Every structure is written in C-alpha cells, then in structure tokens.
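Here is a briefing for a reader new to this structure. Take a look at the chains first, then read on by topic.

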Amino acid sequence: MGDIVLKTHLALFLVLVTVALALVLPFLLPWSYDQIDWNAVRAPAFSGSHLFGTDEIGRDRLARLAAGTRITLMVAIAAALVSLIVGIAWGATAGWIGGRVDEAMMRIVDGLYALPFMFIVILLMVVFGRSILLVFVGIGLVEWLTMARVVRGQVMALKQRPFILAAEAAGTPSIAIMLRHILPNIAGVALAYLMLTVPQVVMVESFLSFLGLGVQEPLTSLGILVKEGADDMDMTPLGLALPGGLLVIILVCLTIEGERLRDRFS
Amino acid sequence: MSLYTIRNLAVDIAGNRPVEDVSLTVEAGQCTALIGASGSGKSLTCLTPFGLTPGVASGSMLLDGIDLGNADAVRIRDARRRLTGFVFQQPLTALTPHLTVGAQLQEATMQAGAARPPRRELSQKLERVGLARTDERLDQFPHRLSGGERQRVMIAAAIAHSPKLLIADEPTSALDASLRAEIMDLLDELRAEQGLGLLLVSHDLASVEGHADQLVVMDKGRVVESGPASDVITDPKEDYTRRLIAATPRLDEPGPKLPQPGEILLETNLLGVEFARPGWRRGKLRALADANIVVRQGEALAIVGGSGSGKSTLGRAIAGIGPVTQGGIFWDGLPLPERRKRSLAMRRLIQPVFQDPVASLDPQWRVEDIVTEPLRNLRPDLTKVEREELAQQALSEVDLADDFLIRIPASLSGGQAQRVAIARAIIGAPELLVLDEATSALDPLVGAEILKLLGRLQVENGLSLLLITHDIAAARRLCHRIAVMEEGRIVETGDMQAIVKDPRHPATRRLIAAS
Amino acid sequence: MLALITRRLMTAIPTLLVIILASFFLMRLAPGGPFDGERPLDPATQAALQQAYGLDRPLWEQAWLYISRLVQGDFGPSLVYRDFTVSELIAQGLPISLTLGGLAILLALLIGVTAGLFAAVRAGKATDKTIMMLATVATALPTFVTGPALALFLGLWLGLLPVSGIGEGGAWLIMPVVALALPVSGAIAKLTRAGLASVLKQDHIRSARARGLSETKIMLKHGLRTAMVPVASYLGPAAAGLLTGAVVVETVFGLPGLGRYFVQGALNRDYPLVLGVVTLYAALIILFNLFADLIYGWLDPRMRDG
C-alpha cells in the first residue's frame, strides 16, 4: 500500500484536488457557508441541493467544508511562510556569524523549544483578542524554531565546504556568497521543512479553533467544524466524519509529501 | 596446503558483477596484499566470502579446510567466529560507542568459545598492541581514545581469540601519516609471533612495500597481476602495474629537475593564529605559532606535517581565507592584510586548491560559472564573451575539453573535478597557488596526473607553489624546499633533497619512514 | 554527568522565571478583567474586588508578591472558581492529567518501539512499508478528531466504554489514553525505524558481525541503544505534545484535569489559574527535558562529555 502512494504521487494529487475544490466550490454551490436553509435543518446527505446535507441550524455542509478548508489552509500557509522567513533569517545569521553570537542565538531557540508553546499561543489569544491575524502570527512565531535549527545546521556545514572558501579567495563579497552559494544550496531543505511545517500549523490552528480560541464565528475552519460535529455527533455522525476525515487526509498527504522532499534533499 | 585459497571468485550485487575471476592465496605467517584504486573491488573480494557485504560470492574459497563457497550462513558465521579476525579502515567508528573497551575486548576474546578472561589477561592484550595505562583503558568508552589508540584496540580485539587469518581492510589509511608505519610494524610482529596469515587491502602501493610477501594488483574487479611482492615491484609484467608503480612517489627515485627560482615573492614574519575556544570557555587554542616561511618566484615549497600540525591553518592564512592573529604576511615586501581586508588586486595573487575536489565546487553551479567566478570579481572590465574565452583557455590548460563548460559538478569524476578547481584557481593569472592536500583524496594514478599537471604549470606559467601535504615522497616530485610542521610550529626547514637525505627532527624522520 | 545536571538546572530556573514573568505581564496587559461579567458590577463592588485580590497595586509589586508566594507553593486564589485556591484546583487536577500523560507515553513507547523494530527487521519489505505508512497516518491523527470518533464508536454506538467523567475501575482511561498515545506512537515508530536503519549501517555493527555474533545479539547489544538516541531526544517534545493533547482529551471526555481548568481559566480570564497552570506545565516540561538528557547520556556515552 505504501508503495503505491509513494510511486503515484497520490498524496500530492489529493492535496491539489482539495485545494482546488476549496477554491472553486464556493462559486458553484447555491448556498454560502453561513446561509441558513430554514426548510432543511439537519437534512440528510443527498437531499435536494445539499449534497452532504445540512447542520443543526440548516447550513449547507459542503459549503461550510469548503470555506473551512480554505481558511485552515490559508492560515497554515501564511503561518508557515512567517516561520520560513523568521527561521531562515535567524538560522542563517547564527550559522554564518558563528562563535558566541551563534551560541547565544541557539540558546534562545533551545529555551523556546522547552516552552509549553501551545499554552503561550493560547495566552496570546486571550490577551490580544481572538483575531485570525494573531492566530497565524502566533503560530508562525512558534513554528520557526525547527526551521532555524535546520537552516543553521546547513549553513554551518556549508560554511566549511571548500567552495565557499574558494569563493572568498576569488574575491566574492560576503553578501554575494550568502545569496549565490549558500541560499541556493539550502533552498531544497528549507522547502522540505516548509512543507512539513504546513501540517504542523494546520494541526495547531484546528486545535485552537476546536477549543474556541482560534478562528471565530462567523468565519469557520476545519477545527470549528470538528467541534460542531463533535457536539452534535450523537444526532448526525456525518458532521464529525466529514471535517475530521478531511483534516486527517490533508495532514497525512502533506506529511508524506514533505517527508519525501526532506529525504531527497538531506 | 595454503591457509586460505580463493579460486575464480565472483561477487554479485543487485544484478551487477563488480568482481570476477579473482584468485589469491594467503600462507600461514605471511602477508598477501591486495592493491587497487577505489572501486576496483578489493574490499568486496576480501569481505564478501565472509558474508560482510550485501554481495553474493561464488567460486571456491578454502579457509583451513572449510569451503566457504558451499557453506551456508551459519557455517560462515562459525568460520568468522573461530578462524578470522578483521580490522577495518575507520577506527573512529569501528567500536561500539556505548560499550567500554574492556567489554568489547572481552566479547572478542570469548567469541570462539573461550571462558571469561580475567581482567589481567585483557590488560595484557592491550599492552601487546602498544597501549599504555591499560588498566584504565579497559573502563574507558571508545570516544575517549585517539584514532591511533582505537586502531590498536581494534587489532587487539581482532586477534583476541587467536584466529588463523587476519583480514585488514585499509588499516592505516585513516590514520595520521606518522602513525602508519608503527601500525604496519605491529601487524608484522603479531604475524611472526602467532603464525597469523594476513590479508591486507590497500590503495597505496608504497604503504605495503616491505611488509607484503605476495602482491595482488586489482583493477575494475579483476586481477591484473599477482606474484611475490619483490618480483611484481621490481619487474612488473603488465602495463597497469607499471603505471601504478610509476605513479607511486618514492623517496629513492631520482630527484626531479625543477625550474630555477627567482626573487622572493612571499614572506611571513612570526605568523601566529589563535582560535577562541568553543563555547563560553576562556582561553585560546593556538593553532599556529611563529611561522617564518619564504617563497620565491617559480619556487615550490612543501609544508609537511601530520593532522593538527597547523599546516592547513598556515596555508589558509596565506591565501586570505583564514584568520591571522599575530605576525605578518608580506608580498614583494608589502604587507598583505588578513581575510576581509584584502583588496581584490591582492586576492588575484594567491589562489587556493583544496583536498576534496567534489566539495570544492558549488553543486548548484555549472562548470563555466565556477571557473569564471574569480574573473567576475577580479576583472570586472571583461565582457561575457571574453570571460568565456578565458574559461575555455583555462580548461585547455588543465586538459579538459570545451564541452565541460556546461557540465555540472555531480557529473564529474574526482580527477575532473580537481582539474576544474585548478582551472578556477589559475584563470585570474595568480602568482602563487596554495595546494592543500590537493592529490590525497584522489586515486594514485589520477593523483600522479594532477601532480604532473601542477609541475607543467610551474614550468610553463612560472607559478610558485605552496604544497601542503602529509606525503613527503609526493611533495619531493615538485618542491625545491620543505618545511616540516608539528603542533603548530615549523620544526625543520631547508632544501628538500638535503632533508630527505639527512632528517634531523624526529617528526621529519617519522614522516619519512611513513613515505 | 553531575556537571551536566547542574548546568541544566542553572539554565532551567531563569528560564522558568522568564516564562512566569512574561506570562504575568502579558495577562495584565490584556484589555478587560475577570469581573467584566454580563451584568456590569457597580463601581464600589468592582473597586472592593480589585482591592481584595490586590489588582489595584502597581504591576511590579503584584509580580513580586506573586513570585514570593509561588516559592512557598501558594499559587493564589482562583478568580472564577471563587471558593477554591489555585493550589487546590491543581492538587485536584494534576493527578488526573499526570495519569493520562504517563499512561499515554508508556503506551506510545510500547507500540512505537515494537512497530519500529518490526519494520527495521523487515526493512524494504511490504511489512516495513505498511507499518511506516500506518505510522505516518497515526502521527496525523489529531486528538480532537480521534477523541470524539472513539467516543462515538466505542461509547455511544457500541456502549463498550464510558463516554464522560471518571468511572469505576480503569475503563474510563482507555479512550483518552489511546487518543493521546496514537500520534506519539506513530512518531516513535518512525524514529525507531530510522534510528535502527542508520545504526545497522554503521561500522561498529560490521565489527560485531565480523566477530560471528548472532544477528539478534548484534541488534540488542550493539545496535538498539544507539538507535534509541533519536527517540530519547523526542521525549521532551512528546511530553509537551501530550500535555497539550490532554487539554482536548479532558474537554472531550469531561475529565476534571488541569487542561480543562486551563481552558476555562483562559476563556474567563482567571489570571492566577492560567498563570499557575502555565508555570506548572513549563516546570514539568523542563523537568522532562532534563530527564530525557539523562537517558541520552546513558544511551550514548559520547553525549556525557559534550
């Protein structure tokens, strides 16, 4: 089974299909994600214009699923990009300068690693109000740690490579060595870890939303949908199964593709 | 009957047959050496019959009456347990990190079924291989020992159960030059003492000379030539063997004809380099102290020493790619500042070439961009077309065709990559090349060609060379003078021929003995 | 070894202090307070409450008071659960959360290491690939999906296990612990498999094989300990993950653990409660990282000197 998934890029295909559907469906469906169909509360699947039925107050499940996926992925990608930028800047600076600066910068990363970061994010949510911007800034600022470590390790290793010394002897300025030799050589690994950060962030965002601390109504996200489904699961299990299943599929597929990239570049 | 006889051995791995039709014998108490370049199949030949590689061996392999060719895995394991001992190339990783030296030696002693040995016996085994403070060593973990010490422990473990055949796969290649001779002498002694047969694998003909009774030369998975060692070396029958012997530098070969040196170009005055200790600890590590060297126009100077002797630190300081903390470097009498303060015009004068040819080239760049990198900084006046012309010219000087310009480093062999690195170094018309072990990662034949190429550049372009190496015999082919280094200091310096003939300092003697 | 422990403790205490102070000031920066209910209190009552809880004093004085009490084990009063002190709530909730987390990590180690060993022994075969694919899926199973799903199947539909609250015996623990352990076990299986695969390629394994040892003995005596190093270094993050997961699991299964108090506290701005739980969790995670470091040193003696 594992073989088939890896050989056919099934995982990548599923992710792309999900993204495409999440983007396109809102324009095709007759219902928007927050529109209430008073005639069809808790409608079963395949009833009328509601392919997957409606929830306990009559909103179309498919429309909500598409909207939730879009928000979840948007937050995830934005937060992963924040982590990429912060992580590369921090890690590359520490690795390139080296010595005590590196020592101090990595100590800070070690210290932050030891934090119960989820609780800090929750604390931030509580303090600054529950805005979606804050969700991804908060998550991105936490998830950069791994990226910083990886990038720093790569830069340290590259710095010792003779071709960097040869570039210095050839008169190439430091900034050009960084841009033309170091960054292109860490791009692959950074991309792989970016891919692996996305499912991490999806997980964190859904977790927060599930607890009611992340994305707020009327906006919706996969975590909120799982929460709504769980509250109503004894009546309509579909409400839990759809967002829960979709979330797991997205997480599995992104992890598989990320690990494939990581293995190729390291 | 011979102790170990291989007839028509073939090795198959994943549908390939990297070794075919190999025959050799090892007599009790004697040494058979298997010589070949990397990828010649010499390690596979030694290890596959004992089930220590992923390959499958076929043919006849008779060890002390047991036919390994027809034995199943259990009987082969039994043969390993009772009859053979193994020493591998990497002493740093060959011992299990979480078991003490004593525990591993005890395991080795008991492997053929002996009773648990008393501590004193283990201690004696370590003493026999030349270790001091053996009682303390038994309780140490391997990482506390130096490379040479670990290799001695490996040898003690390999012979702890009194095997009949010792198989040593490049036992000295990862060790410092000055240690190699000692380890080879130890193997000789043990062989004579215990009547051990020794099957020795090496890429270096010079290192086995004087130790091997039989010589087997391998190339591309086949035996090229075999016979008594003295016959093969003095009177090789095959062309490959002849080239290999010619490529192997020897101290007793006639001295080379070298160009006459001109004026003094480079001079260092009490040059010193100190590094801050890692972490927040106080104090400094002194890598280089009071180094005074002189290089004249067209002259080649060899900087020779073991690892950690400071020779690379000196080379990097001169090439402007490493720190300088004391003293000064002068070019034509004018001071050369360190690293980042060096101007582009000064950078042009000195260019480095490194040991690892593959790591010397940015894997993301094409050869053309790699070779022209110095021009883009040092000669901003040139157009793209002019740069390309110069790149072609530089490639032709290192005997590479124009079509290499569009290649990427991953598609180059080690020798080709090193030629590209040399082309990059000479394209800006430098006056001094700093060559840091530029041939030691290459196969002997390829390394000899690179040495020849450098010799030609020395004569035709009037280049001065600073040759940093552990190998005096190789350096002697190019260098007028030599400076021997130990623990960050130059301990002996002078004319190459004179010092080879009459070394004064013990470090020099050790290095000469190892060549 | 002792030096390593002291060094770690030396960094742990300031780290903890920074966390406490940062959280403290962060919470006080927040607009709105714990007494902003639906119905606004009259100013006099508001002021009286502020004074009673010391909220009218300067911030730094409050911080100093808080820390000096903390040292004596006093986490202050809860603002929402008004009849309890935070220490009482912690004393009540911590055992439940620790039981959940402890059992989950044991289960995860058991499943993960066994699965990883099996996969490594059968490297490259179908068993290996299936186990690894399952491990990837397991790591991607969020507790807030598996928790409700388990409750639905085993609790509501099949009626095998209790869905909510602490019951008699240990049956109430099964679903929360499984939901918590699944993602961690997947990660441990992957690390074990990768660790063994890379160790079995190393030179010292070849040395052991050259001595004619049996493959089992090679694996157990020469391979396994080094292969466990990545697993040990994962234990710190795993503990943090489990504590976080416990928040969800306690909410889903209605267990009065620390995590649930934390969420309640966060939603209601119960400063002392949230601060107390964060402090405790930070201390637990730091302690667990220290523990992981010790295991690390035992597994690979090279780490003891670093």
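Of the 266 residues of chain A, 53% count as buried. Buried here means that 20 or more other C-beta atoms lie within 10 Å of a residue's own; with 12 or fewer a residue is exposed, in between it is partly exposed, and C-beta atoms are placed from the backbone. This is a predicted model: local features need pLDDT of at least 70, side-chain atom pairs count only at pLDDT 80 or more, and totals for chains, interfaces and linings use all residues. Residues are numbered from 1 along each chain as its sequence is written, while chains are lettered from A and ligands numbered from 1 in the order in which they are written.

**Chain A**

- Chain A has ten helices and zero strands. Both kinds of element are DSSP runs numbered from the N terminus: helices are H or I with at least four residues, strands are E with at least two.
- The C-alpha trace of chain A spans about 75 × 45 × 30 Å along its principal axes.
- Take the contacts in chain A between residues at least 6 apart in sequence: 67% of them join residues at least 24 apart. Two residues are in contact if their C-beta atoms, placed from the backbone, lie within 7 Å.

**Chain B**

- Chain B has 19 helices and 21 strands. Its radius of gyration is 25 Å, close to the 24 Å that the globule rule gives for 515 residues, so chain B is as compact as a globular protein of that length. The radius is taken over C-alpha atoms, and the rule is 2.2 Å times the number of residues to the power 0.38.
- Along its principal axes, the C-alpha trace of chain B spans about 75 × 55 × 45 Å.
- Of the 515 residues of chain B, 51% count as buried.
- Among contacts in chain B between residues at least 6 apart in sequence, 69% join residues at least 24 apart.

**Two domains in chain B**

- The domain assignment gives domain 1 (4-246) and domain 2 (264-514) of chain B. Such bounds come from an automatic or database domain assignment.
- The C-alpha centres of domain 1 and domain 2 of chain B lie 35 Å apart.
- Twelve residues of domain 1 of chain B are in contact with twelve residues of domain 2 of chain B. On the domain 1 side, α7 and α10 (239-247) of chain B are the elements that give two or more residues. The most, four residues, come from α7(B).

**Helix α7 of chain B**

- Helix α7(B) covers residues 177-194 and has 18 residues. From first C-alpha to last it reaches 27 Å, close to the 26 Å expected at 1.5 Å a residue. The expected span is 1.5 Å times one less than the number of residues.
- Buried residues in α7(B) include B:I183, B:M184, B:L187 and B:L190.
- Among the elements that cover the buried residues of α7(B) are β3 (31-35), α6 (147-158) and α19 (506-514) of chain B.
- Just after α7(B), B:G195 takes a positive phi of about 65°.

**Where the chains meet**

- Chain A puts 16 residues in contact with 23 residues of chain B. On the chain A side, α7(A) supplies the largest share, seven residues. By class, this side has eight nonpolar, five polar and three charged residues. Ala, Val, Leu, Ile, Met, Phe, Trp, Tyr, Cys and Pro count as nonpolar, Asp, Glu, Lys and Arg as charged, and the others, Gly among them, as polar.
- The contact between chain A and chain C takes 35 residues from chain A and 40 residues from chain C. On the chain A side, α10(A) gives the largest share, eight residues. That side has 27 nonpolar, six polar and two charged residues.

**Nonpolar cores**

- The largest nonpolar core has 251 residues, and B:L435, B:L466 and B:L467 touch the most other members. A nonpolar core is a set of buried Ala, Val, Leu, Ile, Met, Phe, Trp, Tyr and Cys residues joined through C-beta atoms within 7 Å.
- Helix α3 (residues 61-97) of chain A gives the most to this core, with 17 residues.
- A second, separate core of 73 residues includes B:L68, B:I76, B:A79 and B:I159.

**One residue in chain C**

- C:T146 lies in helix α6 (residues 143-157) of chain C. C:T146 counts as buried because it has 24 C-beta neighbours inside 10 Å.
- Not counting residues up to four places away in sequence, C:T146 touches C:L141, C:A179 and C:L182.
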